[in-house]
Amino acid sequence: MLHPVGPLPAAVYWRRRLLVLTLLLAVLGGGGWLLVSLVTGSGTSAAAGGSPTTPEPDAGPPALDRVVPSLAGVQTPTPAPSTTPPAPQTPAPPAQEAGAACADGSIALEVRTPGEAPSGAAVSLELVVTNTAAVPCTRALDAQLQEMVLVDGAGARLWGSNDCQPASSSDTRTLQPGEQVVFPLTWTGLTSEPACAAPRVPVAPGDYVVRARLDAKTSPDAPLRIR
């Protein structure tokens, strides 16, 4: 075997042997690769067909959502409807009719004082009546319907113009829009009570207010200091 016998040179027989050996190795190598591929493919297919994919378990809500509920799930209580009835509306006063009696809302009262006066001295006061309507109207300005009073800081009444010398008259006038009527009055500076039932003494120094009325209509307070 190692020493080829034949008519040809020995190198020719060696080359033939190497060629055959190479072909044999190639066939063996290819067959082995094919066998390995078949075995590997069958194992993969069996694994794929025999082991179904197991679904991952549901992770559930995040840990924070399990502890603190989401805002979307929080029920906000609905406030109960208010049962408070609406406040009644005050109707607007009727418009002043031209030539008719002046309503209290169509006139303004003002008290004028000197601001201050000595204790026990006479004081000049004035009651001013003004038609604030846009049309003429009539008003009874009788003396017995007018009154001025002096009031101290505690609200006590110290003097009234009708206490000791009540007046009486019949005085109905037609007041033009914006027209003023002034009624002067002199106060003696002494205290008084209705029907002049108590002794009269000078009003002590202090701060007071003078208030007037015309029938049921009243004026703002006017300050008066007695010194």
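# A tour of the predicted chain

From the N terminus on, the protein chain runs α-α-β-β-β-β-β-β-β-β-β-β-β. That order comprises two helices and eleven strands, where helices (H or I, at least four residues) and strands (E, at least two) are DSSP runs numbered from the N terminus. The model is predicted: local features need pLDDT of at least 70, side-chain atom pairs count only at pLDDT 80 or more, and totals for chains, interfaces and linings use all residues. Residues are numbered from 1 along each chain as its sequence is written, and side-chain values use heavy atoms, with hydrogens and water left out.

**The whole chain**

Begin with the complete protein chain displayed as a surface. The chain exposes about 15,700 Å², of which carbon and sulfur atoms supply 63%; accessible areas come from the Shrake-Rupley method with a 1.4 Å probe, and for residues only the protein chains shown count as cover. Of the 227 residues, 22% are buried (buried means under 20% relative accessible area, exposed over 50%, partly exposed in between, with a 1.4 Å probe and protein chains only). Next, display the contacts (heavy atoms within 4.5 Å). Among contacts with a separation of 6 or more, 66% are between residues 24 or more positions apart.

**Strand β9 and its partners**

Select strand β9, residues 206-214, together with strand β5, residues 146-151. The two strands pair in the antiparallel sense over six bridges; strands count as paired if DSSP finds at least two bridges between them. Within this pairing, centre the view on L150, whose bridge partner in β9 is V210.

Then select strand β10, residues 217-218, which runs antiparallel to β9 and is joined to β9 by two bridges. R213 has T218 of β10 as its bridge partner. β9 and β10 form a hairpin with two residues between them. In the turn, select D215, which has a positive phi of about 60 degrees.

**Salt bridges**

Now show the charged side chains. Side chains of opposite charge can pair when their charged atoms come close. A salt bridge here is a side-chain nitrogen of Lys or Arg within 4 Å of a carboxyl oxygen of Asp or Glu, and the count comes to ten.

Which side chain meets that of R227 in a salt bridge? Select E116: the N to O distance is 3.4 Å. R227 lies in the segment after β11 and E116 in strand β2 (residues 116-117), so the pair ties together parts that are 111 residues apart in sequence. E116 is partly exposed, with a relative accessible area of 41%.

Move to D207 and R225, which form a salt bridge with their closest N and O atoms 2.6 Å apart. This pair links distant parts of the chain, D207 in strand β9 and R225 in strand β11, 18 residues apart. D207 is partly exposed at 48% relative accessibility, and R225 is partly exposed at 44%.

Continue with E147, R157, D163 and R213, which salt bridges with shared partners join into one network.

Finally, select R173 and D171, whose side chains meet in a salt bridge at 2.9 Å, N to O.
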